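Morning, everyone. Please look at the screen. I'll start with a question.

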Amino acid sequence: MHTYNVKKFPTHNKHLKAWVKKMADMCQPDDIVWIDGSAEQKQRLEKEAVTAGELIPLNEEKMPGSFLHRTNANDVARTEHLTYICSRTKKEAGPNNNWMAPRAGYQKARAIFKGAMRGRTMYVIPFSMGPVGSTFSKIGVELTDSRYVVLNMLIMTRAGAAVTALLDKGADFTRCLHSLADLDVNKRLILHFPQDNTIWSVGSGYGGNVLLGKKCLALRIASFMGLKEKWFAEHMLIMGIEEPNGRITYIAAAFPSACGKTNLAMLLPPEGLKRKGYRIWTVGDDIAWMRVDSDGALWAINPESGFFGVAPGTNSHTNPTMVETIRKNTIFTNVLLKPDGTLWWEGADGEVPSRGIDWQGKPWKPGMLDGQGKPILGAHPNSRFTAPINQCPSASFRLEQHHGVPISAIIFGGRRAHLAPLVYESFNWRHGVFVGATMASERTAAQYGKQGEVRRDPMAMLPFCGYNMATYFKHWLNMGYRMAAAPRIFHVNWFRIDEKGKFLWPGYRENLRVLEWIVARCENKLQALPSPIGYIPKIEDIDLTGLNLPRESLEKLLMVDRKAWLEELERVKKFFKEFKNDFPQELWDEFEGLRMRLNRPV
Ligand code: OXD
Ligand code: MN
């Protein structure tokens, strides 16, 4: 077996050295390589990955610096049933998490990690979530035997020598260990140890399970840190809306996975609007870290430096900005390879190719059916691209600013065919927390499980909150008391359908029409109509210029169906009750308030 010369590790941080050595003793890699973030090292890894068949280089002329990767067919989405919070007690993890006692977790995973890196290299990736050196950023070190993980982490995080330099000065770090092991779904575990600031992930190669800076650190572990340190780690996009007069309003928005956060974060203003000259600034598309600053407002950074977006449905209509962003230096996962070395996915621009190699590496033609007569897809519905944010034409000029951007509005949203109106505003912070806590959405391809089923997903954090959500709701309420200038809280739903099952709202670029109303409300420029669930826009206050949308459709979109809401309250009650006595009384008061308003004669 290899012996590791700890003196040769390029760091003075003795805790880091000792930990890398200990993990290497368990995983037994042949070699250890420290990631420095240099272009040379990256190119060497790309070459090795190509030689090993882990990456397929793409058409250098049309997609320079880009690669295709395929994961195992059983390893294409986050595996929430194998994801655990190993806090000291089950109560700390809450009914919203799978729980395993820390000792049992370590023991179970150790058996799989043992010798798992034999014949492989262990890469040591020092990374920063947030701008390097910002007091608001957090450092992690991921050990992995996957070059795909290294190359993705180099896009998604600030990784390399600058972070090692901070570690040399003794900075604390999240200990992230990952091994592909033998990619056996029966030996797959994604474990979080919040009290130990540690993440262990084994047996998967899918991004959400293995790029440990993202969901595992920046949401599950960071949410726990945020509770202790009084800040928020949220599953939210951040964007700036520049009005024609040059004023920029920043908003943060939480939608469940695969519900359009990425598209919204970089939307191109629609042409028809009455007010011309809007511009969008993208700060982030998935995660927001937010804290109260000395001005009493909430300030946000995006801890990531790249996008890990869903490919299917991405095209010049749905997201022209992303189409530009992913033209180069992008890693694609599980999409269709065309004979000319370019790519395709369902809902991509251009013609459906007449042939190609599908996401499973098999020859593909349009119209092919599987054993059950269903069409065989060229790309997996949860196929992805990983691209640097600084390639995004709408990337915010404030991305590297250590203090981030001030947030004027928080938007919650879900995919609801019925019930939730296009937009409404909460009465105040406490009511807004209730609105977030009662969020629900229909399941998409980003998680395993039956698609289309409605699941409760408070603040879009159900799969990502690293502790008991009853405590999380209290944290939200408490943060409200700490802010002199708290953001306003809104709820949107782009997905309402009519009696014929057709979407009532065109969505995509046109969503700016709703954001325009939200911004005007933040600036106290518009009055709104009180309804039992919150403030609703007056019909004339949503600019429909240039949009072929009958006024009746907007009326339907904004309708509040009291009976349906009262039925919804029964489902909400069932959900809240899962948290037993830990659930905050303030939210039960909001619940009763809403019930009363819904029952009040009109
Ligand atoms: C993601 C997700 O990948 O939420 O962002 O699943
Ligand atoms: Mn997400």
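Which pocket is the space taken by ligand 1? That space is the largest pocket. On a 1 Å grid over the protein atoms alone, a pocket is an open set of points with protein on both sides within 12 Å along at least five of seven lines.

Some ground rules. This is a predicted model: local features need pLDDT of at least 70, side-chain atom pairs count only at pLDDT 80 or more, and totals for chains, interfaces and linings use all residues. Residues are numbered from 1 along each chain as its sequence is written, chains are lettered from A and ligands numbered from 1 in the order in which they are written, and side-chain values use heavy atoms, without hydrogens and water.

Now the shell. Ten residues are around ligand 1, with a heavy atom within 4 Å of it. Arg 78, Lys 215, Ser 257, Asp 286 and Arg 384 come nearest. By type, the shell has three nonpolar, two polar and five charged residues.

Next, polar contacts, meaning pairs of N or O atoms within 3.5 Å. For Lys 215, the distance is 2.9 Å. For Arg 78, 3.1 Å. For Asp 286, 3.2 Å. The protein covers 95% of the 210 Å² of accessible area that ligand 1 has on its own, by the Shrake-Rupley method with a 1.4 Å probe.

Why does ligand 1 lie between domain 1 and domain 3? Because both give residues to its shell. Domain 1 is 6-34 + 78-229, and domain 3 is 234-305 + 399-599. Those bounds come from an automatic or database assignment.

Note on methods. Polar contact = N/O pair within 3.5 Å; in protein donor to acceptor, adjacent residues only side chain to side chain. 1 Å grid on protein atoms, 1.4 Å probe; cavity = no way out; pocket = protein on both sides within 12 Å on 5 of 7 lines; lining within 4 Å. Sits in = over half its atoms within 2 Å of the grid points. Nonpolar A, V, L, I, M, F, W, Y, C, P; charged D, E, K, R; others polar.
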